[in-house]
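Morning, everyone. I have one structure to walk through today. Please bring it up on your screens.

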Amino acid sequence: MLSVEAVSKRYGGGNWVLREVDLTVEPGAVVAIVGGNGSGKSTLLRLMVGVSRPTAGTVSGRPDVVGYVPERFPPNERLSAAAYLEHLGRIRGMNSIAAAERAEELLERLDLQGGFDAQVRTLSKGNAQKVALAQALLVPPGLLVLDEPWSGLDADAHGVLATIIAEVAAAGGAVVFTDHRESVTRANATRIHRIHDGRIAEATAPGRAIVEVALTQSGQDTEDPGWDEVDGVLTAVTHQGQLFVRVDRDHSDALLTIALRHGWSIDSVTPEKAAP
Amino acid sequence: MIALIRYTLATTIHGQRYLAPVLLFCAGVGISSGSDSGPLPGVYALNSGILLVCATWLTMAVISVEDPTHRAITVVAARGPVKVLAATIAVSALFAVGLTIIGLGLPLLMNPRPITAADLPAGALAHLLCASLGLAVGLLCSRLVIRRQGYALLTALALVTAALLTTGSPPNTLFKGMANTNKAADVLPTAAALLPIGLAVLAVAAVITHVISIRRD
């Protein structure tokens, strides 16, 4: 279990960026850290992944495999997306073939546009961000740390990212991410910490009510209404022939109407418990 | 480790910043190896001096190919900064060995001249001494230690000049020996004794670079 204890950080003799921060992230948790610009979010994430060292305090219990997605993927990478990921896979101990296959699988899933063999620096910001995301997932991470991962991603990738976060957590990995938008953090996190002026506040549970709807296709006429685009939908995942849609309580009735109208059969509607 | 070295080599070659010091070295060696440049030990001394300057530049270039955010990703993937720094040093050293081969071979190709059995070993030792000192200066003046490029360049110039021109410095001592003899066998013991000093300086520079870079982050 990753635990950050009484960590303070400053660069050189400058101002304190973080003061006496305590935070634990247990396996399977999805922790959002929200705060304004310059509040110390990114610094806290860098400390968690071990790129940066605390001036005072300790960070312990870091899992073996850590995935780190920085806020901005550097624009000067001249390797192609496929070659870059293959190299990073090898650095993480995979063999070339496994790394290349995994890279292709991730890039296809994230729907990278612009070509797997194009230099990363020629890709758009959102597509470069997909490469950054893929490198963090080459080996299933025990800790996945994402700095503003949604910025620059298109709507389709938003849904994939939400699903990926849920999958990492379900596999026992811990996820920590930052974002400044309430809607995003509420939809994806099991716990939200606010950070202000280098100090972190106690966790709050996301104040939301979520309903999980299980659907099956009732016949030949069933249509896909584009679930990710429907109002209030957080994730839509197919599992063993059933479609599970997590939706905001406020929008669940509308979603059920849409499902029935498109020929789907409703198997169950379960309110999701808010995380403690 | 091999994977990291391959990755660093690939980014360095794609980054093309290595080209300027490599071309400078080839041009310098081309001039020093000309027809009227005297006996081989003197030529090798001059080539080694050029190698010191170019190895410094090359090492700074290899490190600056990866910007800090990029390096952060690599450090996380490699589970720590030590291996990443070691890979950088290994790649710089590979380039320096390549330049050493050019520095030793080009004078022989361009202008046939009398060669003794001790010429090549003495020349190789002089090149490797200068390569290790150049790598050391390059590490200490890299972005990992000195963030501002202007200061880094000035410091590198000062250190390289000091290493070459200060009386009693290992390269200076060796160069004087090589320039004043046409029998390389005379300087072979000195060269062999000085190389470990160069490697020790490189090791100390690597440790200093590591300590400063992790304190900075």
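**Confidence, a helix pair, an interface and one serine**

Let's start with confidence, element by element, in chain B. This is a predicted model. Helix H6 of chain B, residues 119-140, has the highest mean pLDDT of the elements in that chain, at 93. Helix H8 of chain B, residues 170-179, has the lowest, at 85. Chain B as a whole averages a pLDDT of 90. In that chain, 100% of the residues score at least 70. For the complex, the predictor gives an ipTM of 0.85 and a pTM of 0.81.

Now stay with H8(B) and find its partner. Helix H3 of chain B spans residues 40-64 and packs with H8(B). The axes are 7 Å apart, and the angle is about 155 degrees. Angles over 145 degrees count as roughly antiparallel, so H3(B) is roughly antiparallel to H8(B). The crossing of the two helices is left-handed.

Which residues make the contact? From H3(B), they are B:Pro41, B:Gly42, B:Tyr44, B:Ala45, B:Ser48, B:Gly49 and B:Leu52. From H8(B), they are B:Pro171, B:Phe175, B:Met178 and B:Ala179. Sort the contact of H3(B) with H8(B) by class, and you get eight nonpolar residues, three polar and no charged ones.

Next, the contact between chains. Chain B puts in 19 residues, and chain A puts in 20 residues. On the chain B side, two elements give two or more residues: helix H1, 2-15, and helix H4, 68-77. Which of them gives the largest share? H1(B) does, with eight residues. By class, the side of chain B that touches chain A has eleven nonpolar, five polar and three charged residues. Compare that with the helix pair, where the contact of H3(B) with H8(B) has no charged residues.

Last stop, chain A. Look at A:Ser8, in strand S1, residues 2-10.

How values were computed. Residues are numbered from 1 along each chain as its sequence is written. Chains are lettered from A and ligands numbered from 1 in the order in which they are written. This is a predicted model: local features need pLDDT of at least 70, side-chain atom pairs count only at pLDDT 80 or more; totals for chains, interfaces and linings use all residues. pLDDT is the predictor's confidence in each residue, from 0 to 100. Helices (H or I, at least four residues) and strands (E, at least two) are DSSP runs, numbered from the N terminus. Axes are lines fitted to C-alpha atoms, for helices over the stretch in contact, and angles run from 0 to 180 degrees between N-to-C directions. Angles under 35 degrees count as roughly parallel, over 145 as roughly antiparallel, 65 to 115 as roughly perpendicular and the rest as oblique. A crossing is left-handed if the near helix is turned anticlockwise from the far one by less than a right angle, and right-handed if clockwise. Two residues are in contact if their C-beta atoms, placed from the backbone, lie within 7 Å. Ala, Val, Leu, Ile, Met, Phe, Trp, Tyr, Cys and Pro count as nonpolar, Asp, Glu, Lys and Arg as charged, and the others, Gly among them, as polar.
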